[in-house]
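Dear colleague,

I am handing over a structure to you with this email, and I would ask you to open it beside the text below.

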Amino acid sequence: MTIDSKSGGEAPETGPRRQLYGRSKGKALRAAQVGRMATMLPALAIDVAALKDEPAALFSGQPEALMLEIGFGGGEHLAAMAKLHPEIGYFGVEPFLNGVAKLLAAIEQDGLTNIRALRGDAREVLAALPDASLDRVYLLYPDPWPKRRQRKRRIVDDDFLAEVARVLKQGCELRFATDIDDYAGWTLARIAQQDTLVWCAETADDWRQPWPEWHRTRYEEKALREGRVPGYFRFRRHALG
Ligand SMILES: C[S@@+](CC[C@H](N)C(=O)[O-])C[C@H]1O[C@@H](n2cnc3c(N)ncnc32)[C@H](O)[C@@H]1O
């Protein structure tokens, strides 16, 4: 990957009503998937109104930390993290029905109790979360919207970064992966323009390697098959002022 920071200068359309994602349904769900949606989802759905007061209360027990994965796709990474860290409460948000159905299958298979999920727009969850309430946010391979006229649909913009910074605890990280050089440059340019999230790169090369405990996502597998090279970026929440 080479980072194309030239792409960073263009101002995206802003505002909460930007439509970010395309279709939110794919193939018809199989009977077992329909059954899981009916029986499992109500119990583990994110109650957005309840997030405002005490997000940890959405989990049984008292999680040691709270993390959010935005656009979890088929949920491979989210389920793997939740399995590895039963002490952490994970929120996942994904508008695509078939992705949510896949996550539920993984939750059932591994008997996971520490995931709360929403089929919807992550910006709704971000807006509801209290300040400094999360220990990490993952944004893994957001939709690239590669054509110039589509870039306004990218989830990363100044408002999005400000919201992520607001909900992160001080010293905690936004972890971002992309296989699109132009999206890396786009994001780094916006990171450079604000002062609450700081790129944690220590060596010129460290964004070429995933962070410890990285779990490959379905989209990353496709990107690698197609010859694209991922970049992995960690942005740390600084104190203001
Ligand atoms: C390219 S896919 C990557 C999926 C997964 N992270 C992976 O790496 O396999 C991007 C995902 O982001 C989801 N997405 C798009 N806009 C979103 C939004 N506003 N909130 C939450 N998820 C969103 C899409 O539905 C899609 O599943």
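**The largest pocket and its surroundings**

In this predicted model, the lining of the largest pocket draws at least two residues from each of H1, strand E1 (65–70), H5, strand E4 (134–140) and helix H9 (218–225). Among the contributors, H9 gives the most, with five residues. The largest pocket has a volume of about 1,300 Å³, and of the 45 residues that line it, the closest to its centre are Gly-73, Gly-74, Glu-94, Phe-96 and Asp-143. Sorted by class, the lining residues are 19 nonpolar, ten polar and 16 charged.

Two of the helices named above also pack against each other. Helix H1 (residues 31–39) and helix H5 (residues 97–110) meet at an angle of about 80°, and their axes are 9 Å apart. Because angles from 65 to 115 degrees count as roughly perpendicular, H1 is described as roughly perpendicular to H5. On the H1 side the contact is made by Gln-33, Arg-36 and Met-37, while H5 brings Leu-97, Val-100, Ala-101, Leu-104, Ala-105 and Glu-108. By class, this contact of H1 with H5 has six nonpolar, one polar and two charged residues.

As for the protein as a whole, its secondary structure comes to nine helices and seven strands, and its C-alpha atoms fill a box of roughly 50 × 40 × 35 Å along the principal axes. A compact globule with 241 residues would have a radius of gyration near 18 Å, and the 17 Å of this protein agrees with that.

With best wishes

How values were computed:
Residues numbered from 1 in each chain as written. Predicted model: local features only at pLDDT ≥ 70, side-chain atom pairs only at ≥ 80, totals over all residues. Heavy atoms only, no water. Axes fitted to C-alpha atoms, helices over the stretch in contact; angles between N-to-C directions. Helix = DSSP H or I, 4+ residues; strand = E, 2+ residues; numbered from the N terminus. Parallel < 35°, antiparallel > 145°, perpendicular 65-115°, else oblique. Contact = heavy atoms within 4.5 Å. Nonpolar A, V, L, I, M, F, W, Y, C, P; charged D, E, K, R; others polar. 1 Å grid on protein atoms, 1.4 Å probe; cavity = no way out; pocket = protein on both sides within 12 Å on 5 of 7 lines; lining within 4 Å. Points joined across faces, edges and corners; volume = space filled by probe spheres on them. Rg over C-alpha atoms; globule rule 2.2 N^0.38 Å.
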